[in-house]
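Student: Please take a close look at one part of this protein. I would like the charge-over-ring contacts and the helix around them.

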Amino acid sequence: MATSVWRAMAGNPVRFVLSRWPWRSLAYVVSSVAVISIAWPAVLPLLLFPPLLLARSSLAPFRGSC
C-alpha cells in the first residue's frame, strides 16, 4: 500500500486505481457535493432576501407573547 498519493501515482496505473487514494478523493468530492446541495437551498434565500434574516431574529422575542 502506498503511503502517499505521489507514490501511488508514480507506480503502475492499475495499482493506483486499486489503491485507496483515488477512492478517497472521490469520496471527498461526493460528500462535498452532498453537503453543498443540502446547505445551499437553506442559505440562498437569506442571501437573496436579507430582510428575512432580520425579520426572523427581530420577531423571536415576541413569539411567545401572543
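Tutor: The charged end of Arg20 sits over the ring of Trp21, 5.3 Å from its centre. Arg24 does likewise: its charged end sits over the ring of Trp21, 4.6 Å from the centre. Such a contact needs NZ of Lys or CZ of Arg within 6 Å of the ring centre and within 35 degrees of the ring normal.

This is a predicted model; local features need pLDDT of at least 70, side-chain atom pairs count only at pLDDT 80 or more, and totals for chains, interfaces and linings use all residues. Residues are numbered from 1 along each chain as its sequence is written, and side-chain values use heavy atoms, with hydrogens and water left out.

Now the helix. H3 covers residues 21-48, 28 residues in total. Helices here are DSSP runs (H or I, at least four residues), numbered from the N terminus. H3 reaches 39 Å from first C-alpha to last, close to the 40 Å expected at 1.5 Å a residue. That expected span is 1.5 Å times one less than the number of residues.

H3 also bends, by about 40° at Trp40. Pro41 follows within four residues. The bend is the angle between axes fitted to the seven residues ending there and the seven starting there.

How confident is the predictor? pLDDT scores that per residue, from 0 to 100. H3 has the highest mean among the elements, 90. Helix H4 (residues 50-59) has the lowest, 63. The mean for the protein is 78, and 73% of its residues reach 70 or more.

Definitions and conventions. Helix = DSSP H or I, 4+ residues; strand = E, 2+ residues; numbered from the N terminus. pLDDT = per-residue confidence, 0-100.
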